[in-house]
Amino acid sequence: MPEDYREMWGSLGLNLEAHDGLLAVLSDAYKNIYLTQPNRPVGMGYFDFVISEVHGLRIVELLKDKAAGKPVIGTFCVYVPEELILAVGGVAVGLCAGADVGAEEAEKYLPRNTCALIKAFMGFKLAGLCPYVESADLIIGETTCDGKKKAYEVFDEITNKVYVMELPNKKSADGKVMWKHEIERLAAKLTAVTGKEITLEGLKNAAKIVDEKRRALQRLSRLRSADPTPISGLDALLINQISFYDDPARFTTKVNELCDELDERVNKGEGVAPRGTPRLLISGSPMAIPNWKLHYIVEGSGAIVVGEESCVGERNFHSLLQDFSSVEEAMQRLAERYLSINCACFTPNDERFDDIATMTQTLHANGVIHYALQFCTPYLVEAFRAKNAVEEAGLPFLRIETDYSLEDAGQLKTRVEAFVEMIKDGGQA
Ligand code: SF4
Ligand code: SF4
């Protein structure tokens, strides 16, 4: 690892010894999980490089941006409009974390029975492991699930950087009015922090960048509908995870280059697994980087993941902002577009079951695995209705509740293998 990175990490206040340990574990895991996959597209080379530099070159870039007057804004949720951050000249980075390395530190502040995602973002900060949190000028939270909204209070005490958007619980007429107001309140906050007004031109430029990124991710998703599928679920998941960190314009170019290669594969009938391999949709809690556990188990069990009904997946790119001709209209479009995301923190959330049905059809999935993090009440409870909806549509359904540790990996593998065998035999759950 170059010495100047160590200086940079030291100046950001990271715990260098613990951070070295984290990078070593990550590098080994990546080699074992990603680089051993057969028949990977050449275009994945860029994303391998991004991962190898996720705490290196990308942080150098962010610090350069900051020095040039571009604020770094951290977010945890797909309800936070990236367009507003770009419109004030900022850089948006996702702060969700997918490893349990800081869990012990986090449990000094949070109850043990908090979901792994919350413990991870708290733990990464407390253990001195997250250069993104340290680089951020502002961190935007949201009142989604109870765990998050209470954790943000503690996180603000620790970082003094947190601003919280209030998300309604219902998509009612009142909820829509309130959310539009919250979008405007965020715009005012970003202007206050950066000193930059939000203009129509700034919003149009930002919307173009973000919509192009979403278009590229939609294109990647569509390509996964082919049989044989041209890219593994693991690789597609990685790209979706990287979409929260990378420079958006560069990322879009690289995803489109990869999709050109995947187009050729589809035209030639080539894929990463034989035609007829069982195809699974994963639905549920988000999988923050480096949480590759379930995809790794599924794809090591004779099936292929063809889509993610998840925030690290379809919920992030499902719709575009579309055009607008005034700042006021843009605010309305932003409010509508973001409130159309179907997270289990809403009640009711029937539209999510429609999304699952649509995805299983367009991606030709043979079954659905519902993934919920332990203690993630919204998704754990909603799994009941998701199961009914999927089984009524005639598809097998497997419900999994897990965390970031590998302790249950053997047990999960046994269950997933049995599920895949059942699908191969043409059976029902
Ligand atoms: S699952 Fe809900 S709370 Fe979590 S990132 Fe997605 S939208 Fe936000
Ligand atoms: S995974 Fe579930 S409990 Fe955890 S932050 Fe997201 S919605 Fe909340």
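View 1. Helices (H or I, at least four residues) and strands (E, at least two) are DSSP runs, numbered from the N terminus. The residues around ligand 2 are Cys115, Leu117, Ile118, Thr144, Cys145, Gly147, Lys148, Ser285, Leu373, Cys376, Pro378 and Tyr379. A residue counts as near a molecule if its C-beta atom, placed from the backbone, lies within 6 Å of it. By class, the shell around ligand 2 has eight nonpolar, three polar and one charged. Ala, Val, Leu, Ile, Met, Phe, Trp, Tyr, Cys and Pro count as nonpolar, Asp, Glu, Lys and Arg as charged, and the others, Gly among them, as polar.

This is a predicted model: local features need pLDDT of at least 70, side-chain atom pairs count only at pLDDT 80 or more, and totals for chains, interfaces and linings use all residues. Residues are numbered from 1 along each chain as its sequence is written, while chains are lettered from A and ligands numbered from 1 in the order in which they are written.

**View 2. Ligand 1 and its shell.** Around ligand 1 stand Cys77, Val78, Tyr79, Thr144, Cys145, Pro286, Cys311, Ile341, Cys343 and Cys345. Nine residues of this shell are nonpolar and one is polar. None is charged.

**View 3. An open sheet with the order β6-β5-β7-β8.** The four strands pair in parallel. Two strands pair if DSSP finds at least two bridges between them. β6 (304-309) and β8 (397-402) are the edges; each has a single partner strand, so one side of each lacks a neighbour in the sheet. The twist averages 25° from one strand to the next. Axes are lines fitted to C-alpha atoms, for helices over the stretch in contact, and angles run from 0 to 180 degrees between N-to-C directions. Helix α19 (residues 409-424) packs on the sheet and touches β7 and β8. The direction of α19 makes about 170° with that of β8. Contact means that the C-beta atoms of two residues, placed from the backbone, lie within 7 Å.

**View 4. Strand β7 and its partners.** Six bridges join β7 (residues 367-373) to β8. Val368 stands opposite Phe397 in β8, and Ala372 opposite Glu401. Strand β5 (residues 279-284) pairs with β7 over five bridges. Here Ser283 faces His370 as its opposite residue in β7. Seven of the seven residues of β7 are buried, so the strand is largely enclosed by the rest of the structure. Buried means 20 or more other C-beta atoms within 10 Å of the residue's own, exposed 12 or fewer, and partly exposed in between, with C-beta atoms placed from the backbone. In a regular strand the side chains alternate between the two faces of the sheet. Gly367, Ile369, Tyr371 and Leu373 point one way from β7; Val368, His370 and Ala372 point the other way.

**View 5. Phe375 in the loop between β7 and α18****.** Phi of Phe375 is near 70°, a positive value in a residue other than glycine. Phe375 is partly exposed, with 19 other C-beta atoms within 10 Å.

**View 6. Two cis peptide bonds.** One joins Asp227 and Pro228, with omega about 5°. Pro228 is in the loop between α11 (200-223) and α12 (233-242). The bond from Ile289 to Pro290 is also cis, with omega near 5°. Pro290 sits in the loop between β5 and α14 (293-299).
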